[in-house]
Amino acid sequence: MTSDREAAPGLFTGIAPQYSWAGAVLSFGQDPRWRRTMVSKLGAVPGSLVLDVAAGTGLVSRELAARLRVRVVSFDASESMVRAGLPANEEAALDDRITPVLGRAEALPFADGTFDALTFTYLVRYVDDPAATMRELARVVRPGGAIASLEFHVPQQPALRAGWYAYTRGVLPVLGSFVSPQWRHTGSFLGPSISRLEQRAPLPEQVRWWQEAGIRHVRSRELTLGAAVVMWGVKQGRRRG
């Protein structure tokens, strides 16, 4: 059976051209709201340097650069996704604040404590060892720097869970097919992928990954009746200077 990590390269290559708008449409406008909520938890000061991991087409990178007026390294493993976002960076006149970099979250090409803050979006389903990846993410953040994430979630209330299951297994693939065959495949993939993460690592387990990586004051907030979760915290230690 192909793992989510193994499926990711082909998956993202196929959906890159429509990614910046299709996610918003298929989530009925919720995905942009979720990303804005995550950015609001970061508290980075203007001019600071932020690493946006699993940046994709740069949706969060542009939000960070425009809203917080920070410098952003927009980091992703998919060249197709990164290239698809470059025109939007230019159109928003943010290309001077956003630097795209290709690479894997499990092995970041940056020195310890390089960044003032860090975000990551829809990442942990695509890495084999999320706990080790959290340690690697925390490594490149300065002591006292903020870390925030966004991930899909499964509603816990039974009725909401049943509705979520019906949407992700039945409706989402059909809606995706109106975008492209690749998006139909993505629609079919997402529900089972999200469920696998919940079964493998419920929210308390994900909090433990953060804490064991040296991140303190870890908090979480479920959004849209539990369909997504934002987490945030602060790297242990004091910022120098």
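1. Start of H7. A side-chain oxygen of Gln 157 comes to within 2.9 Å of the backbone nitrogen of Ala 159, at the start of H7. Helices here are DSSP runs of H or I with at least four residues, strands are runs of E with at least two, and both are numbered from the N terminus.

2. Basis. This is a predicted model, where local features need pLDDT of at least 70, side-chain atom pairs count only at pLDDT 80 or more, and totals for chains, interfaces and linings use all residues. Residues are numbered from 1 along each chain as its sequence is written, and side-chain values use heavy atoms, with hydrogens and water left out.

3. Rest of H7. The 20 residues should span 28 Å at 1.5 Å a residue, and the end C-alpha atoms are 28 Å apart, which agrees. The expected span is 1.5 Å times one less than the number of residues. H7 still bends by about 40° at Val 171, and Pro 173 follows within four residues. The bend is the angle between axes fitted to the seven residues ending at a position and the seven starting there. Trp 164, Thr 168, Leu 172, Pro 173 and Gly 176 of H7 are buried. Buried means under 20% relative accessible area, exposed over 50%, and partly exposed in between, with a 1.4 Å probe and protein chains only. The cover over the buried residues of H7 includes H2 and H8.

4. Cores. The largest nonpolar core has 41 residues, and Trp 34, Leu 42 and Leu 64 touch the most other members. Such a core is a set of buried Ala, Val, Leu, Ile, Met, Phe, Trp, Tyr and Cys residues joined through side-chain atoms within 4.5 Å. Elements giving two or more residues to this core include H1 (4-15), H3 (30-40), strand E5 (141-152) and H7 (158-177). Apart from this core lies another, of 32 residues, among them Val 53, Val 141, Ile 147 and Met 231.

5. Arg 35. Not counting residues up to four places away in sequence, Arg 35 touches Tyr 19, Leu 59, Val 60, Thr 121, Tyr 122 and Leu 150. Contact means heavy atoms within 4.5 Å.

6. H6 and Trp 209. Seven of the 10 residues of helix H6 (130-139) are buried. Among them are Pro 130, Ala 131 and Met 134. Trp 209, in helix H9 (203-212), is in contact with Pro 130, Ala 131 and Met 134, among others. Trp 209 counts as buried, at 6% relative accessibility.

7. Aromatics. The count is eight aromatic pairs. Rings of Phe, Tyr and Trp (its six-membered ring) pair if their centres lie within 6.5 Å; planes under 30 degrees apart are stacked, over 60 edge-to-face, the rest tilted. Phe 75 and Phe 110 form an edge-to-face pair, 5.7 Å centre to centre with 65° between the planes. Phe 75 lies in strand E2 and Phe 110 in the loop between strands E3 and E4, so the pair ties together parts 35 residues apart in sequence. Both are buried. Trp 34, Tyr 122 and Phe 152 form one aromatic cluster.

8. Glu 222. This residue sits in strand E6 (215-223) and is partly exposed, at 42% relative accessible area. The side chain of Glu 222 makes a polar contact with that of His 153, at 3.5 Å. A polar contact is a pair of N or O atoms within 3.5 Å; within protein, one must be able to donate a hydrogen and the other to accept it, and residues adjacent in sequence count only if both atoms are side-chain atoms.
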